[in-house]
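Hi everyone, thanks for coming. I'd like to walk you through one structure today, so please have a look at it before I start talking.

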Amino acid sequence: MRALPCFRWPYDEPSITQSAAPCHIPAEPAEEVLLGVDTHKDVRAAAVITVLGATLDSRSFPATAEGYRQLAAWARSFGVLRRAGVECTGSYGAALTRHLRAEGIDVTEVNQPDKAVRRRHGKTDVVDAEAAARAVLSGRATATAKTSDGPVEALRLFKLAKGSAIKSRTQAINQLKSVLVFADVTLRESLAGLTNPLLFKRCSELETPDAPGPDSAARVTLRLLARRIQHLSDEISDLTKRITEAVQANTPGLLEVHGVGPDSAVVLLICASDNPERIGSEASFAALCGTSPVEASSGKTQRRRLNRGGDRQVNAALYRIILSRLRWDSRTQEYVRRRLAERKTRREIIRSLKRYVAREIYRLIVTPDRTTKSASASGAAA
């Protein structure tokens, strides 16, 4: 017997303390079902639908290891579960995504529902969970979720720590130089004309007199800020070393590409994630980087425009690579001269160069066996 839908008033959502037993006759074991999940910080709202689109049941589960196990067991009680649509797989849904993948379930990343549809039908966690499942069923959502369980995830964490350290060091440097502006003229003149490393070293060695007053406070503040800057500089250097070693171990040859440094390399690898095979082609990777042209034709006007979508951090990394090549790479300089002679704008030329670099990076990152084929990938990129 086919499972009957479990109808509820939209606002009568079950709580996480309710039993996970279905409120209807279970589906036949051979029937396939789909799972949709709306993720929040502490709760995961889930809904199960059939391949014909009928809603079977919905439940809420806590965002814990036991809650994830209960969610998977509950969803499988309705039939064969092979596919799931999860919102926010890169943040709140990351842990659940890893758990479902470990259970052998293909997880698809689902964007938030269309705002026009949401205005017509309202919004609850259950509605969003059902919409996630229907997005997978209809084929509207096709992006495979990132795994976030390998060396690229470690690189992402290193990048996160380095970014905050750089921001804090910049703030400390600005504060130190601001204190120098208002410091005693004798102290200010003794530190004038020094390079930043020497200035920080001298400030960290300042003696603080016991007498209270603005001069003593300025010396204490300068010493504390200078030592903070030195500590953050050591932290940044250590993280840069770790990032470089991890990139070389994960993708040999990437740092050998002209213009690619550790910071740009880690952004590119994070974009591809630990499962780069999810990117079907180099054209898909270019679209993910925001470097592919977008059709903007209408009527008699036939044209293309720049892609303003995609991962903007990756797009910025490609732009930095292009700037480096424009200054140091003779082949890139010759290409620019040739395209300028064809009356192409500088923006169009840079967009084309980004596309070429994206293709070059794709051949290095998305390889069936990056360890054994790194040499051939480097040759293709050259």
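Let's begin with helix α12, residues 330–341. Its twelve residues, at 1.5 Å a residue, should span 16 Å, and the C-alpha atoms at its ends are 17 Å apart, which agrees. Before I go on, please keep in mind that this is a predicted model.

Which residues of α12 are buried? They are T332, Y335, V336 and R339. These residues cover an arc of only 100° around the axis, so they sit on the same side of α12. And what covers them? The cover for the buried residues of α12 includes α11 (312–328) and α13 (346–365). Just after α12 you'll find R343, which takes a positive phi of about 65°.

Now let me step back to the chain as a whole. There are 14 helices and seven strands. The chain has 382 residues, and 40% of them count as buried. Of the contacts in the chain with a separation of 6 or more, 63% are between residues 24 or more positions apart. The accessible surface comes to about 20900 Å², and carbon and sulfur atoms hold 53% of that.

On to the aromatic rings. A pair of aromatic rings is described by the distance of the centres and the angle of the planes. How many aromatic pairs does a search of the whole structure find? It finds four. One of them is W74 with F78, an edge-to-face pair at 5.4 Å centre to centre, with 85° between the planes. W74 is at 2% relative accessibility, so it counts as buried, the cut-off being under 20%. F78 is buried as well, with a relative accessible area of 0%. Then there is F285 with Y362, a tilted pair at 6.0 Å centre to centre and 40° between the planes. This pair links distant parts of the chain: F285 belongs to helix α10 and Y362 to helix α13, 77 residues apart. Both F285 and Y362 are buried.

S264 is found in helix α9, residues 262–272. Is S264 buried or exposed? S264 is buried, with a relative accessible area of 7%. Apart from its neighbours within four places in sequence, S264 is in contact with A317, R320 and I321.

K41 has 61% relative accessibility, so it counts as exposed. Leaving out neighbours within four places in sequence, K41 is in contact with A63 and Y92. K41 and P62 are 21 residues apart in sequence, and their C-alpha atoms are 9.3 Å apart in space.

C88 has a phi near 55°, a positive value in a residue other than glycine. You'll find C88 in the loop between β4 (80–87) and α2 (94–102), and at 31% relative accessibility it counts as partly exposed. S273 is not a glycine either, yet it has a positive phi of about 70°. S273 lies in the loop between α9 and α10 (282–289), and with 4% relative accessibility it counts as buried.

Notes. Residues are numbered from 1 along each chain as its sequence is written. This is a predicted model: local features need pLDDT of at least 70, side-chain atom pairs count only at pLDDT 80 or more; totals for chains, interfaces and linings use all residues. Side-chain values use heavy atoms; hydrogens and water are left out. Helices (H or I, at least four residues) and strands (E, at least two) are DSSP runs, numbered from the N terminus. Buried means under 20% relative accessible area, exposed over 50%, partly exposed in between (1.4 Å probe, protein chains only). Contact means heavy atoms within 4.5 Å. The expected span of a helix is 1.5 Å times one less than its number of residues. The arc is that of the directions from the helix axis to the C-beta atoms. Accessible areas come from the Shrake-Rupley method with a 1.4 Å probe; for residues, only the protein chains shown count as cover. Rings of Phe, Tyr and Trp (its six-membered ring) pair if their centres lie within 6.5 Å; planes under 30 degrees apart count as stacked, over 60 as edge-to-face and the rest as tilted.
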